[in-house]
Amino acid sequence: GTVIVTLPQAIIEAESMRERLGDRPGAAEAVVKFLSDKFKTLGPDPRLTRALVTARLKLDQREQSLADVRTAIKANPEDRELKQMEILLTITDELEQKLAMLEFQRGTVPDGEIELAKYLAYREHGKTAEADAAFAKADALLPDDGRILEIKFVKAIEDRDIPGASKLVDQAKDANADNVDGVTFRARLLASENRLPEALVAMKEVVDRAAVQPEHWRLYGRLLNGAGRPGDAEAAFREALKLRPTDIAAINELVGTLGTMGRREEALAAARQAVRYAEGDPTFLNMWLALEGELGDRRMVAERRSRARAANPRDRANLMALAQAHIDLGEKEKAREVIDAAGELGKGLDWIALDAGYRWTSNDQLGAIKSFEDYIAGLPKPEVGPYLTFAQFLLDRADEAGAIERLQKARAYQDPKVMEVDRLLSDLLFRTGRYADTAAILEGMLAAGVDDDAQNFRKRLAEVQDM
C-alpha cells in the first residue's frame, strides 16, 4: 500500500478507512490505532489531533483524548482551537462548559456580547439570579442594543407587567427596533392581553408588506397557532423558510406544528430536509431524533445519542433519550445501564415513567406498576400530576381498567375549579361503556360550574342520560 509520510496523507487515509470499514466490528478501533500511530510519528499537529480526538470520542475514550490534546498544546501553545478542545474535554457540565468557553473568548469578543451570552446560558439552565446579574452587566455595556430591548420586553410580558411592556412597545416604535415601527412588539402585547384577533390583524398587515422578513412570518405563525389555526401557522412558517431556508427557529416551528397536527411523517420529512442546516441546534436535534426514534432510523438515533453521551456523560436528557432508543431497539442490557446512569442524576417522574416502560417491555408489568406506586407513596404530599402520568402510561398500554382506577384515586387531589381529572375520567368511562358512572362524574362537574365554552360536558350528560 501507499506509505503515509505527510500529515495531509494521514488525514485523507483516515477518512478513507472510515468510509471503507463503515460499521464493521473493530472499524472505529482501527481508525484510532492508525491516527494514534501517526500522532506519534508525524507529531501532534492540531489537524491530526482533531481527527484523533473525534475518532477516540466515538469509543468514549475521553481521558486519552484529553491527554492527546494536552500533548498537542505543549507543541502548539498558541493554538486557540486546541485550548477550546481542552475546555470541552475537561468540563462535563453543560452550563460550566458554556461559561468557560465564553470566558475563553474574553479579550477577542466585546464584554457586552459575553455577558449577554452568559445571560442566555444561565436562563436556559434555570439559574435566575445569575442570569439577572449577567443581564444587568450586558444592559450597562449595550444600552441601545435591540436585543436588550427584546429581552426586557419578554420579561415584562412574563411578569405580567403590562404598563412596563407598554412603555417598551413605545420605545421599540421610536427606535424602529423591529424595522416595522414596533408592530411586532405591539402584536405580542395584544396577544398577552388575550386580544389575539387584534394581534393577528396587526401582523397580517406586516406580512402583506413587500419588505417582510422571516421573523415577521414566524411571529405571525406563532400567533396563528395560539389562535388554534395550525394549518395557517404551517403556511406562515413555510413562507418564512422561502425567504430564509436556513432559519432554524422557523424550521423548529414548522416541524413542531406538523407534529402537533398529527402529521408526524411529514414532520420527520421536514426535519430530515433541514438536518444540514439545523442539527447543531439542541431543540431541533431533540425533535428530529424523537421523530426518527418513533418513525425512522432508530439505530442512527442510538448512535447519535451515544456519541452525545461520550461528549457530555452528565446530560440527563440525552441519557433518558438514549435509554428509550435502546428500549425501542430491544437492547435491554444497554437500556438498563443507561436508565440507571440517568437515575443517578435524578429520579423524577420522567425517570419513573422510563423505568416503568423498560419493565413493561421486559414482561415485568407488576414491576412497572410498582415503580409508579412507590414514587407516589414517597411524595411528601399527594399530587394529581403523578396519577395522571400513571394513568396515561397504562392507557398507552391498553390497560383501561388500570387507568380508570388511578384516575379515581386522583380525584381527591384535583383542582375543584378545573376538575382536570374528572374531564379525563368522564371521557374514558364513556369510551368504555360505563354510562351511569359517566353521568355521575358529569353531574358533579356541572354542579361545580365546570364546562367548556361549547358546553360539551352538558351535551355529553344529556347523551348518556338517553342511553
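Reply: Helices here are DSSP runs of H or I with at least four residues, numbered from the N terminus. By that count, Leu394 lies in helix α23, which covers residues 384–396. Keep in mind that this is a predicted model.

Let's stay with Leu394 for a moment. Its relative accessible area is 0%, and since anything under 20% counts as buried, Leu394 is buried. Leaving out residues up to four places away in sequence, Leu394 touches Trp360, Ile369, Asp399, Gly402, Ala403 and Arg406. Gln414 is 20 residues from Leu394 along the chain, and their C-alpha atoms are separated by 19 Å.

One of those neighbours, Trp360, takes us to helix α21 (residues 349–361). The axes of α21 and helix α20 (residues 332–343) come within 11 Å and cross at roughly 160°. That angle is over 145°, so α20 runs roughly antiparallel to α21. The crossing is left-handed. On the α20 side, the residues involved are Lys332, Ala335, Arg336, Ile339, Ala342 and Gly343; they meet Trp351, Leu354, Asp355, Tyr358, Arg359 and Thr361 of α21. Sorted by class, this contact has six nonpolar, two polar and four charged residues.

Buried residues in α15 include Ala250, Ile251, Leu254, Val255 and Leu258. Among the elements covering the buried residues of α15 are α13 (214–226), α14 (230–243), α16 (264–278) and α17 (282–295).

How values were computed
Residues numbered from 1 in each chain as written. Predicted model: local features only at pLDDT ≥ 70, side-chain atom pairs only at ≥ 80, totals over all residues. Heavy atoms only, no water. Axes fitted to C-alpha atoms, helices over the stretch in contact; angles between N-to-C directions. Helix = DSSP H or I, 4+ residues; strand = E, 2+ residues; numbered from the N terminus. Parallel < 35°, antiparallel > 145°, perpendicular 65-115°, else oblique. Left-handed = near helix turned anticlockwise from the far one by under 90°. Contact = heavy atoms within 4.5 Å. Nonpolar A, V, L, I, M, F, W, Y, C, P; charged D, E, K, R; others polar. Buried < 20%, exposed > 50% of the residue type's maximum accessible area, 1.4 Å probe, protein only.
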